[in-house]
Amino acid sequence: MNPTTYWIWYPGDFSIHQGMLQNFAREERGMGWPAYWYIDDCNRNVKFSRTYNLDKPTEFKVYAHGTGYVDINGNKHRLGESLKCDPGRNVITIFVGNTTGLPCVYIDGTVIKSDNGWQASNFVSTFSAGNDPLFTKKDQDPNVIEYQKIKVQPARIQEINNGVLFDFGRAVNGSLRLKLHQSDKVTICYGESQTEALDVGMCYYKQDDVDEESVIRRRAFRFVFIPNVKKNQVALIAIHEYVPKNNISEFKTDNQLINKIWDISTETLNLCSDVFFIDGIKRDRWIWAGDAYQANFINQYSFFNEDVDKRTLLALRGQNDIKQHMNTIVDYSMLWVIGVLNHYEMTGDTNFLKMVFPKMESMVQYFITQTNEKGFIYGRKNDWIFVDWSEIDKEGTVAAEQALLIEVYKTMITCGSVLDKPIGKYQVLHDQLLGNFIEYFWSSQKGAFIDSYESGKCHVTRHANIFAILFDLIDDDKKQSILNNVLLNDGILQITTPYFKFFEQDALCKMGHQDIVYKTIVNYWGGMLNNDAVTFWEEYDPTKSGKDMYAMYGDPYGKSLCHAWGASPIYLLGRYFVGLYPTRPGYREFNIEPNLSNFKKLHVVLPVKSGKVTVEKDGENLSVIATRDGGTLIVDNHEYALAANKELSVQLK
């Protein structure tokens, strides 16, 4: 099988350039809104090089986006011409510059071509050239994302409020085709909810003076309302745009609500992960590191799309120099570092880890420069200590931030060990910080971690305590204390964002409380379905109703109703109910440890690296088949080795 020919570039540059464009894509109430943090762009000039030892003559052509030339053994040649190399040693160097876009090349030949093996230099550093499976044809331009398009007909059309309301029955990320059976121009009002679309004065997206020739930009919506018209005067078709992804996962049980929650979670993640993991398709459309961290855990149990995660990690980090924290948020920068380890454990991609590790090191050094004598990280001017949209005591150093930094040091120890890098300094920093974290933030009186020891308030929220369990920062006695005093304590402020629900439910499962998590999935995510959700939301407060459900950030429709972190039931069900998880990077070894008492019948297909796992339950009968070796089924403390493509059946007690 011949190696694939790609467009190639300096590694990371495609993601950085397209990430910049993505972060400039936001529209708010008719205004463009570029992201408010520092954003890198790609390198402007790149040198590609490779040496071939040939047995016979061969020819090739070099295509480029940019200006430049090809050097063969010291002789310069034009781009786009047929070039010949004689037998023997041939040193080929290609120089390309592009002042406005991504400098990249496509080398078309039988032997000499742009497959894996080329080096790329920005004249400071040299790495293996980058590529992407989206761009494998010479007539493509990696500066332009090629979206697939499908027509979506309205599922329902009704006359209401002296106008016509179109319900497309699903979330659409795309544009509209308008047909008018009258001469007057119209107003288009968009909405993720019917309430929003009908609010002509305050809907988030609105376009006035529209006719059939008007340019209608790409937006996200489910409903469209056109006031002051009748059904026979107007027709609409939506054009949904997307980047195709494979999804082999299935989750079918005897519980139809759970099935629907899985399917809508899948739809939510799919919409929020075309080229990158973005937060939501309507409002921001930005790449946020905290959102992306969770999105890849969910991705691991659904699309298992390594490329979306790599692009997102690279886009977030940018070039090596650091001007500020990612998205200006200290905790998001730390989640980025930890997220690289999750990508490696999921994929086993040592080449990617090797390429990105220098950027991890410089990022961690940036953290270290803003720690105090106790090793605690603090917020500097213009830093955002986010954690969550909750009332957290953020005076002085904050416990949740320290928990993340401890996990960052553990990540560097693990990744450094894989790459045979020095890790001693990270171990010293880890040990110092862990000791001080427990000494200064643990309250014996509260039986939990407090937010801040400097304020004197001894305020307890769930966040740092959840991280302490998830990252195994404490012994079993303290974990049990947190479970009783925080996680199972209704007196502690409840979490209302799916963002931190993800971490909270993860911690509860880790403590063996899948029963509670199952009820939360049914009630919390099921509650959104009861409110006509076709995708899952950025935030859901069951105590709110009517128009109030959609308000956020001081905007009556500021809440995203299709938000990546809302899709976490996929991860929770796959990781803790089906019980699938890797024990060696890239699923070279993996366990399936099911907890399926909530289901009488179940058929699940989940991806693993280079394969899939199928789990069937019918009453007390459980059968498992994996398409690759390395799996172990764990049932009732018994371990059963899984051989590739051989079904294993056991009886449940």
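Between which two strands is the loop that holds N161 found? N161 is in the loop between β14 (156-160) and β15. The points below take up this residue and others.

1. **Basis.** This is a predicted model, in which local features need pLDDT of at least 70, side-chain atom pairs count only at pLDDT 80 or more, and totals for chains, interfaces and linings use all residues. Residues are numbered from 1 along each chain as its sequence is written, and side-chain values use heavy atoms, with hydrogens and water left out. Helices (H or I, at least four residues) and strands (E, at least two) are DSSP runs, numbered from the N terminus.

2. **Positive phi at N161 and R29.** Most residues other than glycine have a negative phi. N161 has a positive value, near 50°. R29 is not a glycine either, and its phi is positive at about 50°. The place of R29 is the loop between β2 (27-28) and β3 (31-32). R29 is partly exposed because its relative accessible area is 28%.

3. **The six-stranded sheet.** An open sheet of 6 strands runs in the order β7-β6-β9-β4-β11-β12, with antiparallel pairing. Two strands pair if DSSP finds at least two bridges between them. At the edges are β7 (75-78) and β12 (126-128), each pairing on one side only. Neighbouring strands of this sheet are turned by 25° against each other on average, direction ignored. Strand β6 (residues 67-72) pairs with β7 over 4 bridges, in the antiparallel sense. D71 stands opposite K76 in β7.

4. **A hairpin.** Strand β28 (residues 631-635) and strand β29 (residues 638-642) pair in the antiparallel sense over 5 bridges. I634 has E639 in β29 as its bridge partner. The two strands, β28 and β29, form a hairpin with 2 residues between them. In the turn, D636 has a positive phi of about 50°.

5. **S175.** Strand β15 (residues 163-180) contains S175. Is S175 buried or exposed? S175 counts as buried because its relative accessibility is 16%. Beyond its neighbours within four places in sequence, S175 is in contact (heavy atoms within 4.5 Å) with I216, R217, F221, I237, A238, I239 and E241. S175 and V517 are 342 residues apart in sequence and 38 Å apart in space, C-alpha to C-alpha.

6. **The nonpolar core.** A nonpolar core is a set of buried Ala, Val, Leu, Ile, Met, Phe, Trp, Tyr and Cys residues joined through side-chain atoms within 4.5 Å. The largest nonpolar core has 166 residues, of which W336 and M360 touch the most other members. Leaving aside neighbours within four places in sequence, W336 is in contact with L313, L316, R317, M326, V356, K359, M360 and M363.

7. **Helix α14 is covered.** How many of the residues of α14 are buried? The count is 9 of its 9 residues, so α14 is mostly covered. The buried residues include P569, Y571, R575 and F577. G579 follows α14 and has a positive phi, near 80°.

8. **α14 against α12.** Helix α12 (residues 498-510) and helix α14 (residues 569-577) pack at an angle of about 10°, with their axes 11 Å apart. Axes are lines fitted to C-alpha atoms, for helices over the stretch in contact, and angles run from 0 to 180 degrees between N-to-C directions. α12 and α14 are therefore roughly parallel to each other; angles under 35 degrees count as roughly parallel, over 145 as roughly antiparallel, 65 to 115 as roughly perpendicular and the rest as oblique. F502, Q505, D506, C509 and K510 in α12 meet Y571, L572 and Y576 in α14. By class, this contact of α12 with α14 has 5 nonpolar, 1 polar and 2 charged residues. Here Ala, Val, Leu, Ile, Met, Phe, Trp, Tyr, Cys and Pro count as nonpolar, Asp, Glu, Lys and Arg as charged, and the others, Gly among them, as polar.

9. **α14 against α3.** The axes of helix α3 (residues 256-271) and α14 come within 8 Å and cross at roughly 120°. On the α3 side, I258, I261, W262, S265 and T266 meet P569, I570, L573 and G574 in α14. The contact of α3 with α14 has 6 nonpolar, 3 polar and no charged residues.

10. **S273.** The loop between α3 and α4 (289-300) holds S273. S273 is buried, with a relative accessible area of 2%. Apart from its neighbours within four places in sequence, S273 is in contact with K245 and V308.

Terms used:
Buried < 20%, exposed > 50% of the residue type's maximum accessible area, 1.4 Å probe, protein only.
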